[in-house]
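Here's a quick briefing for anyone meeting this protein for the first time. Have a look at the model, then read on.

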Amino acid sequence: MKYRFFHPYYQQPIDPACRHFQIRMATPADLVSVAQIIAESFHSQKGMWGWAFPLLRLGIYEDLRHRIVSSASRHVCLVALDYTTSAHNLVGTVELGVRYSDSWSQVGLGFPYLSNLAVHPNYRRHGVASELLNSCEKISQEWGFKDLYLHVLENNHQARQLYFKLGFRVHKVESNWNTFFLKRSSQMLLHKDFGAESSI
């Protein structure tokens, strides 16, 4: 299977002034590229875990395929395409869905939750993530919600900076046994209230 991300175009420097991205719904044809971006963003290909990378990528692909074909009424997977070239390379992705009955929400009430925000390394800090997040906010509002939730690792300072810049605030810091025994970073649950933003 040949992955689009091995195309030499992705090795070339990106000129931020010339970028032009389009956000649209993902299709089954996008899933190989989407799985590659997510796997590269959240899993290392170096060291002892490098051998497991293809299996992790395959698992991500199958999970995505299942969610897309299930056609849940309140679930979308968005992709960002670079339209500065004729190849229209897929450079970023995000998922938005509705979750229910977590420990930090009111039982029985749904809430919009954003996950798997990932951008190809060569396109980071070029506005791709911001455009994907803005699109998710619009969809959340179309679904009738006035807010949006997501998780970020406490030690992921670059992502936290982006989220705070876009109006997200800390709702809760969550720790579990991984935090203490494996010395992993705590997760921060972030929340954005669209109403609060408009009242500023």
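Rings of Phe, Tyr and Trp (its six-membered ring) count as a pair if their centres lie within 6.5 Å; planes under 30 degrees apart make the pair stacked, over 60 edge-to-face, and the rest tilted. Searching the whole structure this way turns up three aromatic pairs. Keep in mind that this is a predicted model, where local features need pLDDT of at least 70, side-chain atom pairs count only at pLDDT 80 or more, and totals for chains, interfaces and linings use all residues. Side-chain values use heavy atoms, leaving out hydrogens and water, and residues are numbered from 1 along each chain as its sequence is written.

**Aromatic pairs**
- Phe111 and Tyr149 form an edge-to-face pair, because their ring centres are 5.7 Å apart and their planes sit at 75°.

**Overall layout**
- The protein chain has six helices and seven strands; these are DSSP runs (helices H or I, at least four residues; strands E, at least two), numbered from the N terminus.
- Along the sequence, the pattern reads β-α-α-β-β-β-α-β-α-β-α-β-α.
- Of the 200 residues in the protein chain, 42% are buried.

- The axes of helix H1 (residues 31–42) and helix H2 (residues 53–70) come within 9 Å and cross at roughly 130°; axes are lines fitted to C-alpha atoms, for helices over the stretch in contact, with angles from 0 to 180 degrees between N-to-C directions.
- Residues of H1 including Leu31, Val34 and Ile38 meet residues of H2, among them Phe53, Tyr61 and Leu64; contact means heavy atoms within 4.5 Å.

**How confident is the prediction?**
- The mean pLDDT (the predictor's confidence in each residue, from 0 to 100) of the protein chain is 82, and 78% of its residues reach 70 or more.
- Over residues 1–16 the pLDDT is below 50, and this stretch has 35 contacts in the model beyond near neighbours in sequence.

How values were computed:
Buried means under 20% relative accessible area, exposed over 50%, partly exposed in between (1.4 Å probe, protein chains only).
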